[in-house]
Amino acid sequence: MENRNGLTYMNRKLSGLSVTDDSSSAFSDCNSDRSGEFPPSSSDNRRLFLYCATAENPDDLIRYLVSHLDSSSFSIDEQKQAAMEIRLLTKDKPENRIKLARAGAIKPLISLISSTDPDLQEHGVTAVLNLSLCDENKELIASSGAIKPLVRALKSGTPTAKENAACALLRLSQIEENKIAIGRSGAIPLLVSLLETGGFRGKKDAATALYSLCSAKENKARAVGSGVMKPLVELMADLESNMVDKSAYVMNLLMSAAEAKPAVVEEGGVPVLVEMVEVGTQRQKEMGVSILLQLCEESVVYRTMVAREGAIAPVVAMSQNCKSRAKQKAEALIELLRQPRQQQQQQQQLDSNRS
């Protein structure tokens with residue numbers, strides 16, 4: 001439906017502006033606010049979005065909105081309206097992200113993330129996410145104290161606030177020194193929880209954030225200690241989940257942590273990995289081999305376990321149909337898996353000679 005009513009805003013009559021309400025699906029990448037999630041009454045705000053792009057002096061509107069984020073001067077409803085409009089203004093327009101940051105929007109938006117009003121918190125989280133899409137804003141957002149409020153939103157916010165908080169933390173983690181700060185703030189157990197219990201978008205956002213954060217060594221131990229292997233194995237076992245690749249990449253990254261290997265085995269990961277090598281896509285087969293190779297490198301017990309699961313035949317088949325680096329890993333894994341059998345045969349020969 002298209003609404004063509006006029007709108008008065010900042011004492012200006014905005015006649016002739018129109019916008020078609022749509023219900024587009026949630027975005028698939030962890031990179032922006034979702035469209036189609038506002039109630040029909042927000043169509044006026046969409047007209048404001050269009051107006052801001054065409055007005056003679058949109059900077060006036062930006063300053064007006066930033067001023068209305070102040071809790072000491074404006075009601076929750078007025079703050080909510082301003083935050084929602086900032087959320088819309090920053091959804092698709094990189095230039096607005098820069099203008100709003102320069103107009104001082106970051107600190108008051110971060111304050112909104114700690115609001116007890118769930119809608120106000122969600123608008124604050126999502127506006128901060130949108131601002132973080134501009135690389136020059138990320139450092140200022142982190143230095144303005146966004147990490148801890150985002151972690152609180154990840155714990156207790158609405159489902160959308162949790163998903164967007166995960167995305168915002170992902171964006172901030174792209175600055176190397178923020179990875180440790182985010183890990184020490186308690187984000188990782190909450191991301192593991194979102195990976196396990198969230199909807200598809202929440203699982204995807206959590207996996208992406210964990211992959212970024214766990215490039216830092218101490219965060220790997222935190223993730224494993226928080227039980228991340230359980231949801232990773234479960235997602236990898238479901239080849240129709242559209243989460244196999246992401247989960248495998250996270251697991252592969254974590255395997256350099258000593259705690260990761262027994263955790264994979266305890267959560268039933270070996271048969272899942274062998275099946276992935278056997279029936280997965282080429283990428284999944286290569287990731288499965290990489291994980292199994294790391295699992296088996298230093299443990300005869302794990303080599304025996306993997307070999308007994310029937311891994312040798314599919315790994316041999318894969319080694320004959322892959323490129324050099326993947327081929328090298330497959331051949332190295334085959335050699336490791338054959339060692340227990342060779343050692344067993346040698347032992348049997350020794351026993352036979354003695355008798």
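Helix axes are lines fitted to C-alpha atoms over the stretch in contact, and angles run from 0 to 180 degrees between N-to-C directions. The model is predicted: local features need pLDDT of at least 70, side-chain atom pairs count only at pLDDT 80 or more, and totals for chains, interfaces and linings use all residues. Residues are numbered from 1 along each chain as its sequence is written, and side-chain values use heavy atoms, leaving out hydrogens and water.

**View A. Helix H3 crosses helix H6 at roughly 30°.** H3 spans residues 76–89, and H6 spans residues 118–132. Helices are DSSP runs (H or I, at least four residues), numbered from the N terminus. The two axes come within 9 Å. H3 and H6 are therefore roughly parallel (angles under 35 degrees). Their crossing is left-handed (the near helix is turned anticlockwise from the far one by less than a right angle). Look for contacts (heavy atoms within 4.5 Å). On the H3 side, they involve Ile76, Gln79, Lys80, Ala83, Met84, Ile86 and Arg87. On the H6 side, they involve Asp119, Leu120, Glu122, His123, Thr126, Ala127 and Asn130. By class, this contact has six nonpolar, four polar and four charged residues (Ala, Val, Leu, Ile, Met, Phe, Trp, Tyr, Cys and Pro count as nonpolar, Asp, Glu, Lys and Arg as charged, the others as polar).

**View B. Helices H17 and H18 cross at roughly 140°.** H17 covers residues 269–279, and H18 covers residues 282–296. Their axes come within 7 Å. The H17–H18 crossing is left-handed. Val270, Leu273, Val274, Met276, Val277, Glu278 and Val279 of H17 take part in the contact. Their partners in H18 are Gln284, Lys285, Met287, Gly288, Val289, Ile291, Leu292 and Leu295. The contact residues divide into eleven nonpolar, two polar and two charged.

**View C. Leu293 is a buried residue of helix H18.** Its relative accessible area is 10% (buried means under 20%, exposed over 50%, with a 1.4 Å probe and protein chains only). Leu293 touches Lys329, Ala332, Leu333 and Leu336, leaving aside neighbours within four places in sequence. Met255 is 38 residues from Leu293 in sequence, yet their C-alpha atoms are 9.9 Å apart.

**View D. Asn137 and Ser144 are both buried.** Asn137 lies in helix H7 (residues 135–143). Asn137 has a relative accessible area of 3%. Beyond four places in sequence, Asn137 touches Arg97, Ile98, Ala101, Ile106 and Leu131. Ser144 sits in the loop between H7 and helix H8 (147–156). Ser144 has 18% relative accessibility. Ser144 meets Ile106, Lys107 and Ile110, again leaving aside neighbours within four places. Ser144 and Lys107 are 37 residues apart in sequence, but 6.2 Å apart from C-alpha to C-alpha.

**View E. Asn242 has a positive phi of about 60°.** Asn242 is not a glycine. Most residues other than glycine have a negative phi. Find Asn242 in the loop between helix H14 (229–237) and helix H15 (244–254). Asn242 is exposed, at 64% relative accessible area.

**View F. Met229 belongs to the largest nonpolar core.** This core has 98 residues (buried Ala, Val, Leu, Ile, Met, Phe, Trp, Tyr and Cys joined through side-chain atoms within 4.5 Å). Leu109, Leu150, Leu195, Val228, Met229 and Met251 touch the most other members. Met229 contacts Val224, Met251, Leu254, Ala260, Ala263, Val264 and Glu267, not counting residues up to four places away in sequence.

Key. Helices (H or I, at least four residues) and strands (E, at least two) are DSSP runs, numbered from the N terminus. Angles under 35 degrees count as roughly parallel, over 145 as roughly antiparallel, 65 to 115 as roughly perpendicular and the rest as oblique.
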